[in-house]
Amino acid sequence: MLKSRVPQSLSGQTLFSWQKPFVSVGEGRSVPFCNLQKQAFRTKHNTFRVCCSPNNVRAIAKSPASEKTRVKAVATVQVTVGGFLSNLGLTRGLDDISDVLGKSILLELVAAELDPDTGLGKENLKGYAKRINQDENEVKYEFDFSVPEEFGEIGAVLVENEHHKEMYFKNITLDGFPNGNINVTCNSWVHPKFDNPEKRVFFTNKSYLPFQTPGGVKKLREKELTVLRGDGQGERKTPERIYDYDVYNDLGDPDSSSESARPVLGGKDHPYPRRCRTGRPRTKKDPLSESRSTTVYVPRDDAFSEVKSLTFSAKTFYSVLHALVPAVEGSILDKDAGFPYFTAIDSLFNEGIDLPVKTKGTLGNILPRLVEAITDAERDILRFETPEMFERDKLSWFRDEEFSRQTLAGLNPYSIELVTEWPLMSKLDPKVYGPPESAITKELVELEIRGFMTLEEALEQKKLFMLDYHDLLLPYVNKVSEIKGTTLYGSRTIFFLTPVGTLRPLAIELTRPPSNGKAQWKQVFTPTWDATGAWLWKLAKAHVLAHDSDCCKIRLRTHCATEPYIIATNRQLSSMHPIYRLLHPHWRYTMEINALAREALINANGIIESSFAPGKYSMELMTSNHRVIESSFALGCL
């Protein structure tokens, strides 16, 4: 008796001898037993499934072979800025030949469900593209497929870019299915296979929670998340799409000078949100700091589009800001003394200043809401756009009504809070910072209310509000005061809610801690009619507005707070997750803007440090604002 051949893949399993090495399936055909698993095959009229058992082998006829559906897929690819002429070269010629031959893009259709007989994934349907249409902005590629009925619903498409340069896929449309078109939104760069042989996966526009994921694409979903998480090793490269966490350790530049060194933001000492990891080498003088570079890694799909880059590139943004600030300083007689008189400020809006040569072609695109360039005879003049409020009333910023309005409608509407306790007390160590009691007393408040109600009634009726920068700024007052040309106070400002629904300022307290053997200094300023008191009141309001803008500029509740959410979402939620699809449109370009800010805005000696009172302590100061930090972040990324 003949014995069947034992497959190596089944060695170690219990094997059975067969009475016959072949089975007849009709039409004069016999099938060898070269595999003990279920096997499907097709004759002229029927499809058979072989079922094996120790004592019986049978071929069961399935339904007649289904007809195939002709499906046409059209992929829309965005042309790079400048059109195809911008990519002339040897590789461009090779890519054109591939387009003509129809071998430039490989598309694979992935079935949503597993094969019910084998429990395995169905074989992908493959097709190469041919270029069918091209205009100034888009190129369309067409693919033809014959889809068997048993293939079922499409779950995803795999794309292999056989060009030599990356391509930006906007969408893929599958036309020809009985139930209508299937749309696949891409909006993503696809790398060349020569750089990375892994195919890109794009899921259809149907959303699934993890437990709802069809079996045919479940592994693809998991694999895509693994790719996006990366391994946390090495320096990130431009084409990559890896989202990983890191601290803010790239703001300083200790290798250039000790004055440019900055502490690491993030962790126990300086809690701060996380940024995207770039993996650049550490500095030589500080192993905790990351070295700086001319470009900063941003996951490829979160980088600016080419059109956006033309008007907001890192280099242009950097050059404009560093040319603009000296130009403004140059228009002042003594930059260390500030503006010599009020009309010097007015001249920035009315007369303008000479436009820096290297920014002439870019200011109109970069800062359209801030400045405007005007050609006047042989000179290019830079003028700041006049704020609408200032245009209506140049002295409005003097008035208490406008000062109060800006607490809610100005740069930072988040800091004002209801007064719930009295007396006002500091939570700082009194041994270091002096007596904790506020100098704003009950008698002073009731005097300013002018008998309208008592302090207790105002608290009960929720009529008192406060801007409190006392405990936040006081620990930095002595440090900042050591910087030439700067000064700083801790401040508290009390407002009263009037019956007409507007705020009226009652008192401002400015405080300085003990220093150089001197005791704590604090003074309360109130609205008054005498000349000296009126100007002191205006100066006190100016300090409060500076504090308000300083605490707004560091972006804790905006870009900075958003980045950890972006990273976490890309690491944990598949692009087919409904929450991902809800959030994704709202953070476009945020990570790129944050990267540019680390390069030119919040870095050591950058625009923020050069323009605001805390100077080099600006970023460090905001890590002390625990109330803001704790209320702003819920991801555990600190």
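This is a predicted model: local features need pLDDT of at least 70, side-chain atom pairs count only at pLDDT 80 or more; totals for chains, interfaces and linings use all residues.
Figure 1. Residues are numbered from 1 along each chain as its sequence is written, and side-chain values use heavy atoms, with hydrogens and water left out. The protein chain holds 20 helices and 24 strands; these are DSSP runs numbered from the N terminus, with helices (H or I) of at least four residues and strands (E) of at least two.

**Figure 2. A five-strand open sheet in the order 9-10-6-12-13, paired antiparallel.** From one strand to the next, the twist averages 25°. Look at strand 9 and strand 10 (residues 138-148): four bridges pair them in the antiparallel sense. (Two strands pair if DSSP finds at least two bridges between them.) K130 has E142 in strand 10 as its bridge partner.

**Figure 3. Another open sheet of five strands, ordered 20-21-22-23-24 with antiparallel pairing.** Strand 20 (417-418) and strand 24 (521-525) are at the edges with a single partner strand each, so one side of each has no neighbour in the sheet. Strand 20 runs antiparallel to strand 21 (residues 464-468), joined by two bridges. Check out L418, which stands opposite F465 in strand 21. Helix 8 (residues 400-409) packs on the sheet and touches strand 21, strand 22 (490-497) and strand 23 (503-512). Its direction makes about 80° with that of strand 23. Helix 10 (residues 442-449) packs on the sheet too, touching strands 21, 22, 23 and 24, and its direction makes about 150° with that of strand 23. A contact means heavy atoms within 4.5 Å; axes are lines fitted to C-alpha atoms, for helices over the stretch in contact, and angles run from 0 to 180 degrees between N-to-C directions.

**Figure 4. Strand 14 (residues 200-203), covered on both faces.** R200 and F202 on one side are buried, and so are V201 and F203 on the other. Strand 11 (residues 154-161) runs antiparallel to strand 14, with four bridges joining them. Zoom in on V159, and you'll find it opposite R200 in strand 14.

Conventions
Buried means under 20% relative accessible area, exposed over 50%, partly exposed in between (1.4 Å probe, protein chains only).
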